[in-house]
Amino acid sequence: MMDNDDQNVDFLKDLAKRVKGLREARNLTQEDAYNDTGIHFGRIETGKWDPKASTIKRISTYFNLSITDFFAEGFDE
């Protein structure tokens, strides 16, 4: 069984992959995304920064996704 720290690390890695995948699918650079949102995508995409829920909401809105759709792909249960 995983402890909470391992689960958090895995979640942040999944989040990093999801954000990067969404950004790259739209042919956006990290700089483009930052200029559009003020969110430092590079920090999230390293998997080492734990963004607030409000930041995740802003990212999902930026990509025209609901929170449910944002988390529908790429996350382990």
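**Tyrosine 34.** I began with tyrosine 34, which is partly exposed at a relative accessible area of 43%. My cut-offs call a residue buried under 20% relative accessible area, exposed over 50% and partly exposed in between, with a 1.4 Å probe and protein chains only. Tyrosine 34 is found in helix H2, residues 30-37. Helices here are DSSP runs of H or I with at least four residues, strands are runs of E with at least two, and both are numbered from the N terminus. Not counting residues up to four places away in sequence, tyrosine 34 touches Ile39, His40 and Phe41; contact means heavy atoms within 4.5 Å. I also looked up leucine 22, twelve residues from tyrosine 34 along the chain, and found their C-alpha atoms separated by 14 Å.

**What I am looking at.** This is a predicted model, in which local features need pLDDT of at least 70 and side-chain atom pairs count only at pLDDT 80 or more, while totals for chains, interfaces and linings use all residues. Residues are numbered from 1 along each chain as its sequence is written, and side-chain values use heavy atoms, with hydrogens and water left out.

**Confidence.** I checked pLDDT, the predictor's confidence in each residue from 0 to 100. The protein chain has a mean of 92, and 92% of its residues reach 70 or more. Confidence is lowest in H1, at a mean of 91, and highest in H2, at 98.

**The record.** UniProt, in an unreviewed entry, lists residues 19-70 as "domain: HTH cro/C1-type". Its positions are given in the numbering used here, feature names are shortened, and annotations may be inferred rather than shown by experiment. In the model, residues 19-70 are 65% helix and 0% strand, and the end C-alpha atoms are 9 Å apart.

**The core.** Which residues of the largest nonpolar core touch the most other members? Of its 15 residues, they are Leu15, Val19, Phe41, Ile44, Ile59, Phe63 and Phe70. Helix H1 (4-25), helix H3 (41-45) and H4 each supply at least two residues of this core, and H1 gives the largest share, four residues. I count as a nonpolar core a set of buried Ala, Val, Leu, Ile, Met, Phe, Trp, Tyr and Cys residues joined through side-chain atoms within 4.5 Å. In soluble globular proteins, nonpolar side chains tend to be buried together.

I then followed phenylalanine 63, which touches Val19, Leu22, Arg23, Arg26, Leu28 and Phe41, leaving out residues up to four places away in sequence.

**Threonine 55.** Is threonine 55 buried or exposed? Threonine 55 is buried, at 8% relative accessible area. It is found in helix H4, residues 53-62. Beyond its neighbours within four places in sequence, threonine 55 is in contact with Ile39 and Ile44.

**Aromatic rings.** Rings of Phe, Tyr and Trp (its six-membered ring) pair if their centres lie within 6.5 Å; planes under 30 degrees apart count as stacked, over 60 as edge-to-face and the rest as tilted. By this rule I get eight aromatic pairs. The rings of phenylalanine 11 and phenylalanine 75 have centres 5.6 Å apart and planes at 35 degrees, so this pair is tilted. Phenylalanine 11 lies in helix H1 and phenylalanine 75 in the segment after helix H5 (67-70), so the pair ties together parts that are 64 residues apart in sequence. The rings of phenylalanine 70 and phenylalanine 71 have centres 5.0 Å apart and planes at 85 degrees, so that pair is edge-to-face. Phenylalanine 70 is buried at 0%, whereas phenylalanine 71 is partly exposed at 29%. Phe11, Phe70, Phe71 and Phe75 form one aromatic cluster.

**Arginine 18.** Arginine 18 is in helix H1 and counts as buried at 11% relative accessibility. The charged end of arginine 18 sits over the ring of phenylalanine 70, 5.7 Å from its centre. The rule asks for NZ of Lys or CZ of Arg within 6 Å of the ring centre and within 35 degrees of the ring normal. Leaving aside neighbours within four places in sequence, arginine 18 is in contact with Leu65, Asp69, Phe70, Glu73 and Phe75.

Most residues other than glycine have a negative phi. Asparagine 27, though not a glycine, has a positive phi of about 55 degrees, and asparagine 64 also has a positive phi of about 55 degrees. Asparagine 27 is in the loop between H1 and H2 and is exposed at 70%. Asparagine 64 lies in the loop between H4 and H5 and is exposed at 71%.
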